[in-house]
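Work through the exercises below with the sequence and the model open. Each task is followed by a solution in steps.

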Amino acid sequence: MSDDFYCDEVLSGRTQVRRVRETERVLAYHHTRPFWPVHVVVIPKVHVPSLIDLGEVDEGILGELLEVVRDVAAEVTAEHGSARVLTNLGEYQDSKHLHFHVNHGAPRE
Ligand SMILES: [Zn+2]
């Protein structure tokens, strides 16, 4: 298995996703294998390794990402009453491409 699902599958178009929001450099879509009942993933459309390693990309990407994360989180909160926003780092980070999870509800088994 690749350690960059987002470049290899999502951004390449190999895996189809249901878009929630999209800007020039950011994409939000419904997780293809949701871990929570409501589970949206927000990713940069350029390769960024993680929140603490932006690789070649300018810091402006963080503002652009957070703007979309905020919009999606506001929508989930308005609709369901609560939401979480999280990003994994180090060994917790399965796919080595920065991604935020916006989610609501109890984790699935
Ligand atoms: Zn990538």
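**Exercise 1. The two sides of a helix**

Task: In this predicted model, find which exposed residues sit on the face of α2 turned away from its buried side. Then find which residues of α2 are buried, and what covers them.

Solution. 

**Exercise 2. Length and end of the helix**

Task: What distance does α2 reach from its first C-alpha to its last, and what is expected at 1.5 Å a residue? Which residue just after α2 has a positive phi?

Solution. 
Step 1. Helix α2 runs over residues 60-80, which makes 21 residues.
Step 2. From first to last C-alpha, α2 reaches 30 Å, close to the expected 30 Å.
Step 3. Just past the end of α2, G81 has a positive phi of about 95°.

**Exercise 3. The fold as a whole**

Task: In what order do the elements run from the N terminus, and how does the radius of gyration of the protein stand against that of a compact globule, with what result?

Solution. 
Step 1. Count the elements: there are two helices and five strands.
Step 2. Read them from the N terminus on; the order is α-β-β-β-α-β-β.
Step 3. For 109 residues a compact globule would have a radius of gyration near 13 Å, and the protein, with 13 Å, agrees. The C-alpha trace spans about 35 × 30 × 25 Å along its principal axes.
Step 4. Of the 109 residues, 25% count as buried. Taking contacts between residues at least 6 apart in sequence, 56% join residues at least 24 apart.

**Exercise 4. A histidine in a loop**

Task: Where is H31 found, and is H31 buried or partly exposed?

Solution. 
Step 1. H31 belongs to the loop between β2 and β3.
Step 2. H31 has 17 C-beta neighbours inside 10 Å; a residue needs 20 or more to be buried and 12 or fewer to be exposed, so H31 counts as partly exposed.
Step 3. Beyond its neighbours within four places in sequence, H31 is in contact with H39, V40 and V41.
Step 4. For a pair separated along the chain, take H31 and N103: they are 72 residues apart in sequence, and their C-alpha atoms are 9.9 Å apart in space.

Definitions and conventions:
Residues numbered from 1 in each chain as written. Predicted model: local features only at pLDDT ≥ 70, side-chain atom pairs only at ≥ 80, totals over all residues. Helix = DSSP H or I, 4+ residues; strand = E, 2+ residues; numbered from the N terminus. Rg over C-alpha atoms; globule rule 2.2 N^0.38 Å. Contact = placed C-beta atoms within 7 Å. Expected span 1.5 Å × (residues − 1).
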